[in-house]
Amino acid sequence: MKTAAILALIAGTASAFTSSNFKSSRTGIKPAKAVEEAVETAVEAPAEAPVAAPVEAEAPKVSVLDGMVGAVDLRGKEFKFDPLNLATSYEPLVPWFREAELRHGRTAMVAVIGFIATDFVRIPGEMYSFEAIPRTVDAHNILVQEGPMVQLLLWIGLFDLIITGPACAATMAGERDAGDFGWTRWAPDDKEGFDAKRASELLNGRLAMMAVGGIATQSVLTGNGFPYLFN
């Protein structure tokens, strides 16, 4: 009896163990072949390439100096000289800046000629003679004290009041190009040639502004006239 009971107990235990393993294999663990096929499928499937986000092209930076005559150097190459960014910081005043540049450049070109010419010739009049004004650089102070410099100042002031003031106002209002006084009788007829002359005037004016400063400095330092060198 005891032997029969022990055998029945062993058989039931084995049956329960076998049933549990079979169920687990069906529901929890896949067969080895199915696992291999899944791995092969995953390896063979081509990976999708990542889609790059569209990159918007950066708009070119527009300079205030673009399209302005005179943005060239002595070689004719593009040259936009504005180290203090005045044209960008004060864009509405750019026409005024160009008017001032032209005015100073034209004055400097005349001044260079006057500085050099008066070392060789003088206009008639005792007060303008070499005896009265030995050096051109001394002419300003001497003529202020004894000559017509005050009268000259008044005439220039009147010109600026009647002509320069309204002209600058028209420039700022967009009704006139900077520096344009209508003196274009001998100007080229085509726009390309005219713009080339305008650029030439600006370049010569810039050079003259530097030159007249150098002439005055050298004349004071050396005490001599043209070519303003030490003896």
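Asp195 and Arg198 both sit in helix H7, 3 residues apart, about one turn of the helix; helices here are DSSP runs of H or I with at least four residues, numbered from the N terminus. The side chains of Asp195 and Arg198 meet in a salt bridge, at 3.3 Å from N to O. By salt bridge I mean a side-chain nitrogen of Lys or Arg within 4 Å of a carboxyl oxygen of Asp or Glu.

Please note that this is a predicted model, in which local features need pLDDT of at least 70 and side-chain atom pairs count only at pLDDT 80 or more, while totals for chains, interfaces and linings use all residues. Residues are numbered from 1 along each chain as its sequence is written, and side-chain values use heavy atoms, with hydrogens and water left out.

Asp195 also forms a salt bridge with Lys191, with the closest N and O atoms 2.6 Å apart. Which of these residues are buried, and which exposed? Asp195 counts as buried, at 17% relative accessibility, whereas Lys191 is exposed, at 63%. Arg198 is partly exposed, at 28%. The cut-offs are under 20% relative accessible area for buried, over 50% for exposed, and in between for partly exposed, with a 1.4 Å probe and protein chains only.

Let me turn to the rest of the structure. A search of the whole structure finds 9 salt bridges. In one of them, Arg176 pairs with Glu99, the closest N and O atoms being 2.9 Å apart. Arg176 lies in the loop between helix H6 (149-172) and helix H7 (191-222) and Glu99 in helix H4, so the pair ties together parts 77 residues apart in sequence. Both Arg176 and Glu99 are buried. Finally, Arg98, Glu101 and Arg206 are linked in a network of salt bridges.

Technical notes: Helix = DSSP H or I, 4+ residues; strand = E, 2+ residues; numbered from the N terminus.
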